[in-house]
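Let's learn to read a protein fold together, one feature after another. Have a look at the picture and keep it beside you as we talk.

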Amino acid sequence: MKILCLNGPNLNMLGQREPAVYGRITLAEIEARVRKRAAQLGATADFRQSNLEGELVSWIQDARDRFDVIVLNAAAYTHTSVALRDAITAVGIPTIEVHLSNVHAREKFRHKSLLAPVCVGQIAGFGANSYVLAIEAAVNINEA
């Protein structure tokens, strides 16, 4: 199984940005955990980050016929991006939405995800473990 893990804006600042909300772990440390867990489950994970919405859209489009599942932390684009939503729908690859923080316990504008209706599920609020849980869900997605 091949899993594409995409990360949106400001996630490159993890470990420095609002550690009370997002923790002190860096994106590189999360990537290492994800790759390790994926390997333990017999999968591979391609891990990418961009602050650019269009680049994320292109990666989703390019994933067709190359990846089995997408794990997506679209960050702020979760609440604003019709383009990401349309790309997910267009490629037809099962997508899991992931968030480090519990977005439903935060500011009201974070409660609405434009992506959730086109994703197979959402994992939020478990910090870096949200990604590990998403990898486990991705590997087991066909059992649901």
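A: We begin with a word you will need throughout: a residue is buried under 20% relative accessible area, exposed over 50%, and partly exposed in between, using a 1.4 Å probe and protein chains only. This is a predicted model, in which local features need pLDDT of at least 70 and side-chain atom pairs count only at pLDDT 80 or more, while totals for chains, interfaces and linings use all residues. Residues are numbered from 1 along each chain as its sequence is written, and side-chain values use heavy atoms, with hydrogens and water left out.

Q: Which residues of β3 lie on one side and which on the other?
A: In a regular strand the side chains alternate between the two faces of the sheet. Strands here are DSSP runs of E with at least two residues, helices are runs of H or I with at least four, and both are numbered from the N terminus. In β3, V69, V71 and N73 point to one side and I70 and L72 to the other, and all are buried. Because five of the five residues are buried, β3 is largely enclosed by the rest of the structure.

Q: What covers the picture for β4: are its faces buried or exposed?
A: Both faces of β4 are covered, with T95, E97 and H99 buried on one side and I96 and V98 buried on the other. Five of the five residues of β4 (residues 95–99) are buried, so this strand too is largely enclosed by the rest of the structure.

Q: How many bridges link β3 and β4?
A: Two strands pair if DSSP finds at least two bridges between them. Strand β3 (residues 69–73) pairs with β4 in the parallel sense over three bridges. On its other pairing, β4 runs parallel to β5 (residues 121–124) over four bridges, where I96 has G121 as its bridge partner. β1 and β3 are also parallel, joined by five bridges, with N7 partnered by N73.

Q: What is the order of the strands in the sheet?
A: The open sheet has five strands in the order β2-β1-β3-β4-β5, with parallel pairing. β2 (44–49) and β5 stand at the edges with a single partner strand each, so one side of each is left without a neighbour in the sheet.

Q: How many aromatic pairs are there?
A: A pair of aromatic rings is described by the distance of the centres and the angle of the planes. Rings of Phe, Tyr and Trp (its six-membered ring) pair if their centres lie within 6.5 Å; planes under 30 degrees apart count as stacked, over 60 as edge-to-face and the rest as tilted. By this rule the count is one aromatic pair. F47 and Y131 form this tilted pair, at 6.1 Å centre to centre and 40° between the planes. F47 sits in strand β2 and Y131 in helix α5 (residues 129–139), 84 residues apart.
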